[in-house]
Amino acid sequence: MNVLKKLKGFFATRYGIIFVGLSIGIFASLLQKLGNPGNMGICVACFERDIAGALGFHRAAPVQYIRPEIIGFVFGALLAALIFKEFKPRAGSAPVIRFMLGFFAMVGALVFLGCPWRAIIRLGGGDGNAIFGILGLVFGVGIGTYFIRNGYSLGRNHKSHSAVGSVLPLVMLGLLLLLIIKPVLSSGAVFFSKEGPGSMHAGILIAIIIAIVIGFLAQRTRFCTMGAVRDVLMINDWHLMTGVLSMLVGVFIMNAIFGQLNFGFVGQPVAHTNQLLNFGGMVLSGLSFALAGGCPGRQLFLSGEGDGDAAVFVFGMIVGAAFAHNFTTAGTPYPDNPANWGWGPAAIIAGLIFCAVIGFTMKERVFGEGVVQHA
Amino acid sequence: MPDLLDLRGLSCPQPVVESRNMIKKISSGDSFHVLVDTGTSRDNVKRIAVKEGCDVAIEEGGSGGEQEFLLIITMR
């Protein structure tokens with residue numbers, strides 16, 4: 001018990017968040033070395049997109065695989081929550097809005113081609129295009145903090161039954177079984193890419209072990225890339241940002257050791273050079289994360305500790321990924337003529353309008369009657 | 001009895017924002033209570049309160065899914 005208490009204290013410190021950030025960065029670079037796609041050791045958005053593809057929700061053949069990293073993140077967070085007695089089934093804070101925020105967060109992320117984690121990993125691999133994505137992320141989170149300052153709230157959640165908190169971990173268990181058994185149905189499902197990023201992956205066992213460790217550490221430290229930006233912008237609190245910067249350092253050092261560094265803009269793996277769309281996609285994504293209270297990784301960890309609303313966000317992301325590929329909004333090597341950019345820009349604008357409407361209209365006076373109880 | 005902010009069930013970052021607003025209103029020696037129901041909120045509110053120059057004492061109640069934390073925040 002004493003060891004648990006000491007660990008608990010360590011993870012809340014600055015050294016704790018630096019340790020965890022470095023670890024995530026090192027593991028991400030290692031997973032790439034072990035077979036994951038370029039600058040994609042870990043990408044929550046890309047990997048959920050691959051899962052959507054494996055299940056046949058979209059039919060983009062190069063991006064279909066049941067990524068054990070996603071499964072491991074949820075399991076690791078669940079394990080940490082159980083050990084440290086933080087598993088708390090809860091739900092009911094505007095779930096349908098959270099679903100749509102997840103949907104648009106994914107649409108935006110796939111225009112850029114990566115979640116905030118991958119933006120850091122891409123930067124740490126030398127991909128200059130990531131700079132524009134990160135600027136977009138900061139801008140989007142900035143808009144979100146404006147709404148939060150002005151009273152935006154999705155309202156309270158409520159304690160719920162264990163079944164509510166168990167849904168996402170059980171779905172992940174089902175996905176793990178599909179990954180191990182690899183059944184082939186008459187429809188063609190389960191789909192596994194034969195070429196392209198979906199065909200590139202580390203071994204299942206090592207990937208899931210690393211992901212469980214990351215999920216465990218991230219649950220303990222509340223590691224969150226969106227929260228890092230938001231806390232700096234809103235309250236000048238650099239705690240989480242220290243972790244994110246440590247992650248960048250970890251990725252960079254390991255990439256240097258593994259010879260995975262490649263500086264430049266053109267020809268980067270799973271990336272494009274349309275900086276307007278790199279920026280715009282991440283504005284939508286960052287804003288959606290800010291309004292939902294967590295980056296995609298954090299939503300998985302929250303799901304693991306029993307948050308049913310975070311699980312709904314995850315399902316929204318998976319549906320958003322299917323939409324993005326079926327409606328060709330996901331990033332491609334964009335031609336020069338904007339007329340040929342496909343539905344991506346329109347989807348970004350639709351998402352920004354959605355976020356603005358809920359940002360302006362969903363306010364809840366937390367300080368209303370009965371909340372502050374005077375003596 | 002000092003004021004009580006009931007911030008149970010609110011997701012990140014609202015507990016921090018509301019607590020910080022309250023901290024900005026109080027002066028040296030004043031204190032107020034914050035009630036939260038997740039370890040994340042407890043840690044985040046404590047961190048920001050200490051950073052803003054407050055002392056924080058924490059009482060834990062309940063267990064498992066019923067766990068709650070009462071933070072007693074006093075401006076130094």
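Biologist: What makes the pair A:Glu86 and B:Arg42 a salt bridge?

Modeller: In this predicted model, the closest N and O atoms of A:Glu86 and B:Arg42 are 3.8 Å apart. The rule asks for a side-chain nitrogen of Lys or Arg within 4 Å of a carboxyl oxygen of Asp or Glu.

Biologist: Which residues are linked with A:Glu86 and B:Arg42 in a network of salt bridges?

Modeller: The network also includes A:Arg220, A:Arg222 and B:Asp43. Between chain B and chain A the count is five salt bridges, and a search over all chains finds 19.

Biologist: What makes A:Arg156 and B:Asp6 a salt bridge?

Modeller: Their closest N and O atoms are 3.8 Å apart, and the cut-off is 4 Å; the pair therefore qualifies. The pair crosses between chains, from the loop between helix H7 (129-149) and strand S2 (158-159) of chain A to strand S1 of chain B.

Biologist: Why is B:Asp6 called buried, and why is A:Arg156 called partly exposed?

Modeller: B:Asp6 has a relative accessibility of 12%, and buried means under 20%, so B:Asp6 counts as buried. A:Arg156 has a relative accessible area of 23%. Because partly exposed covers the range between buried, under 20%, and exposed, over 50%, A:Arg156 is partly exposed.

Biologist: How do you know that A:Glu305 and A:Arg90 meet in a salt bridge?

Modeller: The N to O distance between their side chains is 3.2 Å, and the limit is 4 Å; the pair is therefore a salt bridge. A:Glu305 lies in the loop between H13 and H14 of chain A and A:Arg90 in strand S1 (residues 90-91), so the pair ties together parts that are 215 residues apart in sequence.

Biologist: Why are A:Glu305 and A:Arg90 called buried?

Modeller: The relative accessible area is 2% for A:Glu305 and 6% for A:Arg90. Because the cut-off is under 20%, A:Glu305 is buried and A:Arg90 is buried.

Biologist: What makes A:Asp307 a buried residue, and which residues does A:Asp307 touch?

Modeller: A:Asp307 has a relative accessible area of 9%, and the limit is under 20%, so A:Asp307 is buried. A:Asp307 lies in the loop between helix H13 (296-304) and helix H14 (308-326) of chain A. Not counting residues up to four places away in sequence, A:Asp307 touches A:Lys88, A:Arg90 and A:Leu302. The side chain of A:Asp307 also reaches the backbone nitrogen of A:Ala310 at 3.1 Å.

Notes
Residues are numbered from 1 along each chain as its sequence is written. Chains are lettered from A and ligands numbered from 1 in the order in which they are written. This is a predicted model: local features need pLDDT of at least 70, side-chain atom pairs count only at pLDDT 80 or more; totals for chains, interfaces and linings use all residues. Side-chain values use heavy atoms; hydrogens and water are left out. Helices (H or I, at least four residues) and strands (E, at least two) are DSSP runs, numbered from the N terminus. Buried means under 20% relative accessible area, exposed over 50%, partly exposed in between (1.4 Å probe, protein chains only). A polar contact is a pair of N or O atoms within 3.5 Å; within protein, one must be able to donate a hydrogen and the other to accept it, and residues adjacent in sequence count only if both atoms are side-chain atoms. Contact means heavy atoms within 4.5 Å.
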